[in-house]
Amino acid sequence: MDRKQLRTVKDDLLFIGPGVAFFVGIVLISFVLGIYYSFTEWNGVDKEAIWIGVRNYIEIFSGDEQAGISALFTARFTAASVVIANLLAFVLALALTRALKTDKVLRTIIFLPNIIGGIILGFIWRFIYVNTFETIGNLTGIGFFELPWLGTAETGFWGSVIVFVWQRTGYLMVIYVASIIGIKDELIEAARIDGATGIQLLRRVILPLTVPAITVCLFLALSWTTKMFDVIYALTRGGPYGSTETFAMNIYFEAFSSNNYGLGSAKAIVFFIVVGIISTAQVLITKRWEVEE
Amino acid sequence: MRTRQLFLVIVLVMAVTSLVFAGGEPETVELDFMHSKSHLGEQYRGLCDEFEKVNPNIKVTDEVLGGSTDWQTILKGRFAAGEGHDVFNIEGLAQYELWKENIADLTGEPFTKTAVPSALAALNINGRQYGMPVNFEGYGYIYNKDIFADAGISSLPTSHSELAAVAQKLKGSGYTAFGTGYATWWVIALHMQNVAFAQQDNPLQFMEDLTSGKASIADNKVFQDLQDLVDLTVEYGEENPLTTDHNQQIQLLANEDVAIIQQGVWKEVPIFKANPDINISLIPLLINDDPKMDRIPVGVPWYFVVNSRSTPEEQEAGKKFLDFMANSDVGKRYAVEEFGFIPAFKGVSGEGLGGVGQGILAYAQEDKTIPWVFGQWPDGYAQQDAFNNLQAYVAGKQSWADTLEALDESWQKRSK
């Protein structure tokens, strides 16, 4: 390498060095260690982890009923939350790009729940469901509030979905707003001049041009829901009777409550592969829908 | 240029060395202390301050890890980071097995001579003592004496049928009898289940037989009768048993919304904080009409242990701290008056205790006690499987027979 190339390399290293160092040290090394532990039996405290080969992986798919229940709950939670949050966010974004006077204020208000930390959010909503709803139910007699919120599998499921949608819709909405605002006014005007109705405008102009935002939002929402832990942990701790346990919580309980660090790590690796496949598939599919202007 | 660089290097070296040696005088020992009594945080800090007064070269940093938090996981994290506390608490034999590579031998320490012998037993392994008992604790049905009197209940129940009659009388007088608290795993899956185990003729043998397959929970009469008690508490209990947790139980009792909660002596301090005038005492969990049901589960739930990986000075300071807690006048006073503990040490009078503590002492003095055996249960049995299945039964999702079968399955799987 000549001196000029060497200097460029040095400069590059200076800029990306710290980031790469952190990534390798914190993410990569932990990941490799996780793979190592997934082939061992370890209680998390002893000095030595015993190598047992693929036994953990076999156990995940053969004897673990609760893991299956968690996987199913996570899948249902993901499906419901991703769809509802994105639909709501898109509708709100459409509504709040009409040049109303209160647009910006409303957008900020809808975005605010995002800022609240997951654990606090879970506890606040737990209080709302268990205490506040019960009080409202007693005062008004409306059936919705008299349900045993968080005391059954169904109320636990929908309770979790409601909290997730409440927290994250604002974030998705902001992305959709940016995308909708980015559509050139001339296109909209041209479509109107050509006699496009509201629905046609939506289907033929707005939607195709916001597909990049849909890609991003779907990816984000999928990422949040599949890995969901803190909010639901604080909300229900997986109860009642393990019916609202997400897969991430199942891994956590396996590793730390049941002192089965090896099995927990194996589940985590399997989880990583599954989520990786789903996310990649989603991005590839939606990327194909993207339209050039 | 050269002098500037040299100057920079010298300053850097000085800065680094001063940082390395900045820990204060070499004689000050920093003692890291952890306990799980989340409602006694202030009081324990008071005890640490008293200890520092008589040991000026020791500085105690206290940390509370307990209550509703997953303190075991946090503790594991600390140890994994090399920040294990010098003195910490564990729950008994099963946790000793987990942590033993980090626990120091305390044989011969002063507290071993002043503790009540039965309190030392669980952490006395092969003649060596590894932990110091924190206190005796007991639990049962804490009841509101005033509500009982108001409902016309003149004698305390000593059998299941009598308890059912009490519940009916309470309902007839317009009171909700039970604040079940079945959202908290250690209420239903740990303490309630423990009574079923401990009421066996030979609990240790029963657990060994479960592991070897000679006995089963589903075929056991006490476990079959346990269904009646669960049903009774749910029928005469608050509206949503699966969403009431242990903190709400305190609220319900303190606000006199319910008459009875299943809890233990450790809840006395927060109960009296919420309602200083409440009049409470304790009755046992009465599973069936067998007279031996009239016994309170009394045990040593917590042991303080010393970290064997701490420096010798820190271990010495830790052992001094344990001695202070157990044998000094200040320590003994704190135990009874500030913490509300039933003392595990000889020669400490229980006069300062509240109604629940007195009730437990009374049962203990009449030898009407059963042990706490959940320290010997396999990891995850209670907190995961038993809890999920018992909650499923309370919700009406499965039969009691299926629940007992699931307990057997879990025991088999987890005791390997």
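# Briefing: two chains and their elements

Arg237(A) lies in the loop between α10 and α11 of chain A; helices (H or I, at least four residues) and strands (E, at least two) are DSSP runs, numbered from the N terminus. The model is predicted, so local features need pLDDT of at least 70 and side-chain atom pairs count only at pLDDT 80 or more, whereas totals for chains, interfaces and linings use all residues. Residues are numbered from 1 along each chain as its sequence is written, while chains are lettered from A and ligands numbered from 1 in the order in which they are written.

- Arg237(A) has a phi near 55 degrees, which is a positive value in a residue other than glycine.
- Arg237(A) counts as buried because it has 22 C-beta neighbours inside 10 Å; a residue is buried if 20 or more other C-beta atoms lie within 10 Å of its own, exposed if 12 or fewer, and partly exposed in between, with C-beta atoms placed from the backbone.
- Pro240(A) is also placed in the loop between α10 (230-236) and α11, and the peptide bond from Gly239(A) to Pro240(A) is cis, with omega near -10 degrees.
- Most residues other than glycine have a negative phi, and most peptide bonds are trans.

**Chain A as a whole**

- Chain A contains 12 helices and two strands, and its elements follow the order α-β-β-α-α-α-α-α-α-α-α-α-α-α from the N terminus on.
- The C-alpha trace of chain A spans about 80 × 75 × 30 Å along its principal axes.
- Of the 293 residues of chain A, 34% count as buried.

**Contact between the chains**

- In the contact between the chains, 19 residues of chain A meet 21 residues of chain B; two residues are in contact if their C-beta atoms, placed from the backbone, lie within 7 Å.
- Helix α11 (residues 247-257) of chain A gives the most to the side of chain A that touches chain B, namely three residues.
- That side of chain A has eight nonpolar, nine polar and two charged residues; Ala, Val, Leu, Ile, Met, Phe, Trp, Tyr, Cys and Pro count as nonpolar, Asp, Glu, Lys and Arg as charged, and the others, Gly among them, as polar.

**Domains of chain B**

- Chain B is divided into domain 1 (25-136 + 300-346) and domain 2 (137-296 + 360-414), with bounds that come from an automatic or database domain assignment.
- The C-alpha centres of domain 1 and domain 2 of chain B lie 29 Å apart.
- Each of these domains of chain B gives 12 residues to the contact.

**Strands β1 and β2 of chain B**

- Six of the seven residues of strand β1 (residues 29-35) of chain B are buried, so this strand is largely enclosed by the rest of the structure.
- β1(B) runs parallel to strand β2 (residues 58-64) of chain B, and seven bridges join them; two strands pair if DSSP finds at least two bridges between them.
- Asp32(B) has Thr61(B) as its bridge partner in β2(B).

**Helix α16 of chain B**

- In helix α16 (residues 355-365) of chain B, the residues Val356(B), Gly357(B), Gly359(B), Ile360(B) and Tyr363(B) are buried.
- Seen down the axis of α16(B), its buried residues fall within an arc of 160 degrees, so they line one face of the helix; the arc is that of the directions from the helix axis to the C-beta atoms.
- α16(B) is followed by Asp367(B), which has a positive phi, near 60 degrees.
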